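This report describes the fold of one protein chain and then turns to two of its residues. The sequence and structure are shown first.

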Amino acid sequence: MKCIFHLGPPKTGSTSIQAFLRQNKAILRERNILALTDDELDRKLPFFFRKKIGYLTTWAKQMGLDREEKRAALRANTDEYIRDQIRMYQPEKLVLSCEN
């Protein structure tokens, strides 16, 4: 399986990319492409990859992601969700898209 990561910093067109992926989800699945965006991953993807935390958004602080045990639980839950989606759809390509 080929995996494509889109990790878009602010003001780089990420919202448009994610809108395209959401609006074309059925067409992409017909082509054996699974696209997971922020709305499905609940803004978790950046914290899935981070080991050290520098700046935290208000949302991240409210979620308690300043604590390693919270980040570890989030990584485990996100990993499980992504794996479940892969098992369910068995895509040839996986697109993970996240803003900010």
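In this predicted model, residues 24 or more positions apart account for 69% of the contacts in the protein chain that have a separation of 6 or more. The chain contains 6 helices and 3 strands, and read from the N terminus these elements follow the order β-α-α-β-α-α-α-α-β.

| Residue | Relative accessibility | Class |
|---|---|---|
| Leu96 | 3% | buried |
| Asn24 | 19% | buried |

Leu96 belongs to strand β3, which spans residues 93-99. Leaving aside residues up to four places away in sequence, Leu96 touches Cys3, Ile4, Phe5, His6, Leu36, Leu41, Leu45 and Ile82. The C-alpha atom of Leu96 is separated by 8.6 Å from that of Asp38, a residue 58 residues apart from Leu96 along the chain.

Asn24 is located in the loop between α1 (14-23) and α2 (25-30). Asn24 counts as buried because its relative accessibility of 19% is under the 20% cut-off.

Technical notes. Residues numbered from 1 in each chain as written. Predicted model: local features only at pLDDT ≥ 70, side-chain atom pairs only at ≥ 80, totals over all residues. Heavy atoms only, no water. Helix = DSSP H or I, 4+ residues; strand = E, 2+ residues; numbered from the N terminus. Contact = heavy atoms within 4.5 Å. Buried < 20%, exposed > 50% of the residue type's maximum accessible area, 1.4 Å probe, protein only.
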